[in-house]
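Open the model in your viewer and get the selection panel ready. We will visit the ligands one at a time.

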Amino acid sequence: MDKKKLKLYFILGTVNVAGRDPLVVLEEALKGGVTCFQLREKGPGALEGEALRSFAEACKELCHRYNVPFIVNDDVALALEVKADGVHIGQEDGDISAVRRQIGPSMLLGVSTHNVEEALAAAETGADYIGIGPIYSTKTKTDTQPVIGPEMVRRVASLLPGLPIVGIGGLSERKARAVIQAGASGIAVISAIAGQDDPLEAARRLKGAVRLSLTGV
Ligand SMILES: Cc1ncsc1CCOP(=O)(O)O
Ligand SMILES: C=C1C=NC(C(F)(F)F)=NC1=N
Ligand SMILES: [Mg+2]
């Protein structure tokens, strides 16, 4: 996977947009320069069935208009059905190699990890990128593992220098730098964009912070 695509990875579900039109929030984020998008439809009130399928199609159309990969979280069947660019799975979402067999070699496969063992296993099983988190505390996902801080990114990046890594969990413009300096190719965010009054401006500022950190200044 092109590491540059992981610079600013926006993740969204209809429950994260506090009543606003999720497609409007997504387009604002795309205009603001997010480089990757993940549809993560979870929790009470989450879309299902035909409504979810057509929403996923609409998200995919938007992403492709901005030349941004469209990734589906957890739901491999949905990812295949809407011909997503990739799927992201957690440690409890089934066997990584089984998912790779289901999606084939060309679809992107992302894996959530929380420690070195999980990262090594994901890399060995052919993950195209891994998420490492939660880096900082977050209210967005209630059932996270304990907060691990940027150090885990540094350890995994030093062991697996070729594996694209994205940090996730409580990340913001101010908190991006430590994650990038630890060796991540980018940051993944939900509330730092979806929870803001101006998602376009929020995305633009996050992108700027990541770019600055990547240059090493
Ligand atoms: C999906 C996920 N996985 C680890 S933390 C998290 C939530 C990230 O949300 P936010 O960017 O609002 O902290
Ligand atoms: C739980 C998650 C952890 N990491 C990621 C990503 F940022 F995409 F790697 N997505 C998730 N849904
Ligand atoms: Mg999952």
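For residue classes on this tour, Ala, Val, Leu, Ile, Met, Phe, Trp, Tyr, Cys and Pro count as nonpolar, Asp, Glu, Lys and Arg as charged, and the others, Gly among them, as polar. This is a predicted model, in which local features need pLDDT of at least 70, side-chain atom pairs count only at pLDDT 80 or more, and totals for chains, interfaces and linings use all residues. Residues are numbered from 1 along each chain as its sequence is written, ligands are numbered from 1 in the order in which they are written, and side-chain values use heavy atoms, with hydrogens and water left out.

**First stop: ligand 2.** Select its shell (residues with a heavy atom within 4 Å): Tyr9, Ile11, Gln38, Arg40, Asn73, His88, Ser112, Tyr129, Gly131, Val166, Ile168 and Ala188. By class, that shell has 6 nonpolar, 5 polar and 1 charged residues. Now colour strands E1 (8-12), E6 (129-132) and E7 (165-168), DSSP runs of at least two residues; each supplies at least two residues of the shell. Zoom in on the side chain of Gln38, where an N or O atom is 3.0 Å from a nitrogen atom of ligand 2. For the His88 side chain, the corresponding distance is 3.3 Å.

**Next stop: ligand 1.** Which residues surround ligand 1? Select Arg40, Thr138, Thr140, Lys141, Ile168, Gly169, Gly170, Val189, Ile190 and Ser191. Show distances from the ligand's oxygen atoms: 2.6 Å to a side-chain N or O atom of Thr138, 2.8 Å to a polar backbone atom of Gly170, and 2.5 Å to a polar side-chain atom of Ser191. The shell of ligand 1 has 3 nonpolar, 5 polar and 2 charged residues.

Terms used: A polar contact is a pair of N or O atoms within 3.5 Å; within protein, one must be able to donate a hydrogen and the other to accept it, and residues adjacent in sequence count only if both atoms are side-chain atoms. Helices (H or I, at least four residues) and strands (E, at least two) are DSSP runs, numbered from the N terminus.
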